[in-house]
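I opened this notebook to keep track of what I looked up in one structure. The entries are in the order in which I made them.

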Amino acid sequence: MTQKDTCEVFCYNQEKVEQVQQDLEEVDIKGTAMLLKAIADEKRAKIVYALCQEEELCVCDLANIIGATVATTSHHLRTLYKQGVVRYRKEHKLAFYSLDDDHIKQIMLVAIEHQKEVMVSG
C-alpha cells in the first residue's frame, strides 16, 4: 500500500454503489457475519475443523482434541449450534456433534486453503 491508499473523491461509480447497496438489502449479511464470527474463535475453529475430518464426534472427544474441558467445549458447541454450524444427537449419556451441512465444511476448507496461499505469498 502506498501513502495515498485512500480516495480523493466522494464516489467514483454511483451506479455500482447503488447496485451493491440494493443487493445487500436482499441478503442476510448480519446473519452471515454472525456465522463467521462464531467460527472465528480459535477453539471453535478447531472444533469445526475436527468435524470436517470426522463426520461425528462426542463432546468428550472434541474436548481432548482441542485441549479444553468438557464444560468449555460444550459452551463452544452451544455457540456453534445456535449459529447453525453444528447439530447434535444424544445417545444415552453421550452427546455427538456433526456439521450442520456441507456448506460449513466448504467454508472451513476454503478458508484454510486461502490461509496457506497467504502464508506462501506473504
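The entries below cover a sheet, some aromatic rings, an arginine and a loop residue.

**Before starting.** I noted that the model is predicted.

I began with the strands and found an open sheet of 3 strands in the order 1-3-2, with antiparallel pairing. Strand 1 (57-58) and strand 2 are the edge strands; each has a single partner strand, so one side of each has no neighbour in the sheet. I then looked up how strand 1 is joined to strand 3, and the two pair in the antiparallel sense over 2 bridges. Which residue of strand 3 stands opposite Leu 57? I found Tyr 97 there.

**Entry 2, the aromatic rings.** The search gave 2 aromatic pairs. In the pair of Tyr 81 and Tyr 88, the ring centres are 5.3 Å apart and the planes stand at 70°, so I wrote the pair down as edge-to-face; the cut-off for that label is over 60 degrees. Tyr 81 has a relative accessibility of 44% and counts as partly exposed. Tyr 88 is partly exposed, with a relative accessible area of 44%.

Is Arg 44 buried or exposed? I recorded it as buried, and without a salt bridge. The nearest side chain of opposite charge belongs to Asp 41 and is 4.3 Å away, while a salt bridge has to be within 4 Å. I then looked for what else is around the side chain of Arg 44. One of its polar atoms lies 2.6 Å from the backbone oxygen of Ala 38. Leaving aside residues up to four places away in sequence, I listed the contacts of Arg 44 as Lys 37, Ala 38, Ile 39, His 76, Thr 79 and Leu 80.

Last, I looked at the loop between strand 2 (86-91) and strand 3 (94-99), where I found His 92. Its phi is near 60°, a positive value in a residue other than glycine. I made a note of this because most residues other than glycine have a negative phi. I also looked up the accessibility of His 92: its relative accessible area is 77%, so His 92 is exposed.

Note on methods: Residues numbered from 1 in each chain as written. Predicted model: local features only at pLDDT ≥ 70, side-chain atom pairs only at ≥ 80, totals over all residues. Heavy atoms only, no water. Buried < 20%, exposed > 50% of the residue type's maximum accessible area, 1.4 Å probe, protein only. Lys, Arg positive; Asp, Glu negative; His and termini not counted. Polar contact = N/O pair within 3.5 Å; in protein donor to acceptor, adjacent residues only side chain to side chain. Contact = heavy atoms within 4.5 Å. Helix = DSSP H or I, 4+ residues; strand = E, 2+ residues; numbered from the N terminus. Phe/Tyr/Trp six-rings, centres within 6.5 Å; stacked < 30°, edge-to-face > 60°. Pairing = 2+ DSSP bridges.
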